Amino acid sequence: GFSPQFYTPVINMSWVFEVFPGPIDVLSIDTEGTSVDLFKQFTAIGYARPRCICVEHDGRVDEVMGHATMYGYRQIMGNEENIILEAA
């Protein structure tokens, strides 16, 4: 079926950290097709360094792991959809 047109607000990471300051223990990134890119932006910008990150990899495991290693994370679990990373 079809639904009527609707609008949804979009927020950025800087807004999230302004509204919810403080350390992050666990971060889960699942944004339907853009998770890997968001993960890469998040780690590169350095807003925070979560102890654990779960990323929906969309089949881009090598790309996630290459970037994760560069920023001091290692894989502790993974499956067909997600990679769980731990700060080394």
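Reply: Two strands are taken to pair if DSSP finds at least two bridges between them. The model discussed here is predicted.

Me: In what order do the strands of the open sheet stand?

Reply: The open sheet has 4 strands, and the pairing among them is mixed. From one strand to the next, the twist averages 20°. The order of the strands is 1-2-4-3.

Me: Which residue is the bridge partner of glutamate 56 in strand 4?

Reply: Strand 2 (residues 52-56) and strand 4 (residues 82-87) run antiparallel and are joined by 5 bridges. In strand 4, the partner of glutamate 56 is asparagine 82.

Me: Which strands does helix 3 touch?

Reply: Helix 2 packs on the sheet and touches strand 1, strand 2 and strand 4. Helix 3 packs on the sheet as well, and its direction makes about 10° with that of strand 4. The strands touched by helix 3 are strand 3 and strand 4.

Me: How are helix 2 and helix 3 oriented to each other?

Reply: The axes of helix 2 (residues 35-45) and helix 3 (residues 61-70) come within 10 Å and cross at roughly 5°. Angles under 35 degrees count as roughly parallel. Helix 2 and helix 3 are therefore roughly parallel.

Key. Residues are numbered from 1 along each chain as its sequence is written. This is a predicted model: local features need pLDDT of at least 70, side-chain atom pairs count only at pLDDT 80 or more; totals for chains, interfaces and linings use all residues. Side-chain values use heavy atoms; hydrogens and water are left out. Axes are lines fitted to C-alpha atoms, for helices over the stretch in contact, and angles run from 0 to 180 degrees between N-to-C directions. Helices (H or I, at least four residues) and strands (E, at least two) are DSSP runs, numbered from the N terminus. Angles under 35 degrees count as roughly parallel, over 145 as roughly antiparallel, 65 to 115 as roughly perpendicular and the rest as oblique. Contact means heavy atoms within 4.5 Å.
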